[in-house]
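This report is for a reader meeting the structure for the first time. Please keep the sequence and the model in view while reading.

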Amino acid sequence: GPSGGINYLAPEVTAVSPTSLLYQEGLQVTVYGRYFGPLSVFDKNGVYQGPLGNIPKEEYERPAALVVMAGGAHARCLSTSHLSDEELVCTTPEMTALNVSMVVLVVRQQSQVWQRGSLVEVRYLPQYKYQCEVELSGRCFDCCEEECQFQFQENREIQDQALLVEGFAQFCKRE
């Protein structure tokens, strides 16, 4: 690179743990890889100290993790803990797809999406919320009634308050 400049290599994600988790927000996924940026370049308040290279100091932030959903939507982790050049912890946003890819963003560069090591399988996704083709209000309509009934009966883990309060009959049928 230019003399005196630092070449920042694009981050790479090689593994995640766990590789399967619930769709709810606030869970933790550890992301492993390399080129996330060493902790030594930040002071105790997280302010970037250098080496500066050819990127203005104020543009260098701690690495951030995000979740890319199948179908293309993406959301930043609610928080990213930067543990080392090779490890981050993401506090998950709500997942809206059955398969997602963990991506790391470092100084304008991001890791490859859908790398084998970056994949997480999402369990108990409330498909009456996200898989309905005629999505009118976030409630489930006829197109999702069967799916909704199946999930409601099979999954005791559902945390959707409206569904728990109203029960399947009100929630899953058009009024």
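## Terms and basis

A residue is called buried when its relative accessible area is under 20%, exposed when that area is over 50%, and partly exposed in between, as judged with a 1.4 Å probe and protein chains only. The model is a predicted one, in which local features need pLDDT of at least 70 and side-chain atom pairs count only at pLDDT 80 or more, while totals for chains, interfaces and linings use all residues. Residues are numbered from 1 along each chain as its sequence is written, and side-chain values use heavy atoms, with hydrogens and water left out.

## Overall composition

The protein contains three helices and ten strands, where helices (H or I, at least four residues) and strands (E, at least two) are DSSP runs numbered from the N terminus. Read from the N terminus on, the order of these elements is β-β-β-β-β-β-β-β-β-β-α-α-α.

Of the 175 residues in the protein, 37% are buried. Among contacts with a separation of 6 or more, 59% are between residues 24 or more positions apart, a contact being heavy atoms within 4.5 Å. The accessible surface comes to about 9800 Å², and carbon and sulfur atoms hold 48% of that surface; such areas come from the Shrake-Rupley method with a 1.4 Å probe, and for residues only the protein chains shown count as cover.

## A four-stranded sheet

Four strands form an open sheet in the order S1-S3-S7-S6, with antiparallel pairing; two strands pair if DSSP finds at least two bridges between them. The edge strands are S1 (12–17) and S6, each of which pairs on one side only.

## The disulfide

One disulfide is counted, the rule being a pair of cysteine sulfur atoms within 2.5 Å. This disulfide joins Cys77 to Cys90, with an S to S distance of 2.1 Å. Cys77 lies in the loop between strand S5 (74–76) and S6, whereas Cys90 belongs to strand S7, 13 residues apart.

The torsion about the S-S bond of Cys77 and Cys90 is about -100°, and the disulfide is therefore left-handed. Cys77 counts as buried because its relative accessible area is 7%, and Cys90 is likewise buried because its relative accessible area is 0%.
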